[in-house]
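Hi everyone, thanks for coming. Please have a look at the model on the screen, and then I'll walk you through a few of its contacts.

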Amino acid sequence: MDNPPQYIVADYLAEVTMGILARQTKGSKGGYVTEFVEQVYTKNATVISKKNIKVITNAGGLDPLACKAAIEAAAAKIFAKDQSQIPIVAAVFGDDIWTDKTRRDALEKAVSSNTSLPFGHLGSSDTNREEWPKGREKSILSVNVYLGAAGILQALNSKATIIVTGRVVDSALVLAPLMHEFKWSPLNYNLLAAGSLAGHIIECGCHTTGGNFTDWRLSANSPNGGWSNMGYPIVEVENDGSFIVTKPPRTGGLVSIGTVSEQMIYEVLDPANYILPDVVLDMTQVQISQVGVDRVLVTGARGKPPTPFLKTSGVFVDGFKMSGELVIGGAESVEKAKHVADAILKRVGGVLKKMGQEDFTDSNIECLGSEHTYGPNSKATRTRETVLRITVCHQSQIGLTLFAREIPAAATCMAPGITGFGSSARPSPSPNLRHFSILVPKTLFPNLVSIGSGSDTITVTDAVDLTGGGTGVSASGKQAKVVNNSVPLPSVINTAIATTTTTSATSKKMVRVRLIELCYGRSGDKGDSANIGLIAREPKYYPHLVQTVTADKVKSHMRHLILGSVERFELPGAYGLNFVATKALGGGGLSSLRVDRQGKTYGQMLLQMKIEVPESWGLVVGGGGTQATNLEKSRL
């Protein structure tokens with residue numbers, strides 16, 4: 001490590017991860033990410049100490065205090081002969097508002113008095129809002145608020161060198177050290193927005209350095225080992241909020257306009273109002289430019305005052321679920337798979353009825369290998385090899401036990417060509433977890449910070465300042481000026497926006513090409529909503545994409561998956577479009593019965609949609625993106 005970073009951040013938590021942790025027993029081996037202590041910190045503690053690197057991670061999960069204690073115990077053992085090297089470890093907690101009685105009482109009072117609000121994925125226009133699961137309280141496993149940067153900042157200001165948190169927003173892991181180093185004012189919203197954007201771009205690790213990248217061959221075949229030696233992202237941030245994204249030397253992957261743009265739009269809803277506890281980030285005017293090999297400059301983030309609420313996510317149990325798989329080969333494998341699935345469900349349903357039990361509360365049949373997720377756009381319905389995947393839900397484990405017995409029986413009494421299980425063992429039931437979100441007042445749930453061996457707990461509230469007319473109230477109650485200057489769009493973007501007619505309108509001949517020839521794309525999940533972001537490969541394509549790729553076209557193309565609405569948002573600074581689809585994931589990451597419960601394939605699907613473009617652009621008709629990949633390669 002020739003030029004070590006000042007800070008290393010590690011993001012472990014997601015909605016699905018919190019559900020998994022909620023099923024575990026809290027304690028030294030339960031509620032936090034033990035891998036961080038045992039595999040990351042313990043094996044690198046000496047280097048971290050020697051290089052004076054500060055580490056910030058949300059590996060505390062549901063029990064940051066236990067994680068803190070485990071790190072302290074490991075450090076005491078590692079540095080037994082030189083205790084001066086033992087780090088000051090801090091835990092930021094208070095996000096758990098269910099197991100703590102005082103906070104749970106405050107939550108239940110907020111719910112009953114309607115001071116909490118439903119959570120909408122599309123703001124006031126969202127008719128598919130998430131609400132408190134009334135009547136399900138006894139089934140709730142966890143409820144956590146998404147805290148901001150305040151607790152981490154307090155820990156840094158108190159000399160902590162390793163900080164573990166519970167559920168904080170991912171961007172806070174990066175914003176807090178920037179506020180600490182640069183002494184950024186909590187009222188300078190443009191700087192807070194820039195720091196939050198830096199955190200958002202690197203929060204998913206190699207997603208920014210070629211992982212999950214549209215032009216995947218460039219990453220897989222990159223120098224220094226490609227995917228087998230991927231370099232994790234580094235951000236070099238200036239005091240003015242501009243930053244460069246790069247990666248360590250002699251590592252695989254790549255950092256390009258494409259990789260950074262894709263990650264910027266990943267799991268974003270309204271890009272003009274990306275709501276965080278510390279600031280509302282507007283990324284619509286962000287500009288991304290290549291300034292060197294594996295070096296990308298990001299500028300133009302804008303900020304608005306934060307809201308007085310914190311997003312709150314919870315998990316409750318709604319019966320049990322199970323998936324069973326069979327591999328079916330030969331001609332008509334898809335049709336055989338469908339008949340097998342239908343027979344299994346009928347057999348189990350009949351037995352349940354005779355036992356006086358209810359039928360399955362839900363079921364889903366998927367024929368993997370036949371491009372099942374592509375629905376009517378599939379081109380592989382005549383495949384000769386199919387993995388039949390059946391997923392069922394039941395309020396008790398009885399029905400699932402019967403279902404598990406029928407899976408292997410199908411190999412001898414049903415279709416020819418069944419050659420075993422898709423997985424290695426007979427399926428077993430697991431709790432069917434459901435996710436929900438609401439909004440709660442920030443003032444009810446401050447950060448709690450425990451630092452070092454001290455017994456005192458520090459209380460810090462995330463930003464609640466709502467400003468008007470350029471002024472706000474500081475912590476002391478005095479008026480403070482708010483820095484929130486607009487960032488003008490460059491002329492080339494203004495020209496693109498102002499264009500009311502595109503080349504296609506005047507071209508004499510049009511051809512149909514796949515979107516992958518014109519765009520990068522990436523998709524992700526937010527509860528039961530999915531986002532699909534498209535970034536134009538060339539600025540000249542952007543006006544045409546704005547005119548051509550509408551929300552209605554996206555909804556029509558993916559109508560087999562999207563049961564709610566589709567709304568489109570524009571990001572002219574990065575030449576991007578973001579589509580947000582509600583009721584698109586079959587319930588979301590925890591409870592969905594689909595194989596793609598988080599919408600990770602949706603971007604790839606949309607990139608195969610064809611649109612008309614001017615023939616003069618010279619794009620490959622019917623191509624799969626090879627020409628576009630070559631264009632990207634020529635730029636690097």
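Let's start with a charged pair: aspartate 215 and arginine 537 form a salt bridge, with their closest N and O atoms 2.8 Å apart. By salt bridge I mean a side-chain nitrogen of Lys or Arg within 4 Å of a carboxyl oxygen of Asp or Glu. Aspartate 215 sits in the loop between α7 (189–202) and α8 (216–220), and arginine 537 in the loop between β25 and α14 (542–548), so this pair ties together parts that are 322 residues apart in sequence. Helices here are DSSP runs of H or I with at least four residues, strands are runs of E with at least two, and both are numbered from the N terminus.

Before going on, a word on where this comes from. This is a predicted model, in which local features need pLDDT of at least 70 and side-chain atom pairs count only at pLDDT 80 or more, while totals for chains, interfaces and linings use all residues. Residues are numbered from 1 along each chain as its sequence is written, and side-chain values use heavy atoms, leaving out hydrogens and water.

Back to our pair: are aspartate 215 and arginine 537 buried or exposed? Both are buried. Buried means under 20% relative accessible area, exposed means over 50%, and partly exposed is in between, using a 1.4 Å probe and protein chains only.

How many salt bridges does the structure hold? There are 19. Another one joins aspartate 282 and arginine 302, at 2.5 Å from N to O. Aspartate 282 belongs to strand β10 (residues 280–282) and arginine 302 to strand β13 (residues 302–304), so parts 20 residues apart in sequence are tied together. Both of these residues are buried too.

Now for arginine 347 and glutamate 406, whose salt bridge has its closest N and O atoms 2.9 Å apart. Arginine 347 counts as partly exposed because its relative accessibility is 45%, whereas glutamate 406 is buried at 14%.

Last stop: the strands. Seven of the eight residues of β24 (residues 519–526) are buried, so this strand is largely enclosed by the rest of the structure. β24 pairs with β25 (residues 529–536) in the antiparallel sense over eight bridges; pairing requires DSSP to find at least two bridges between the strands. In their hairpin, with two residues between the strands, glycine 527 takes a positive phi near 65°.
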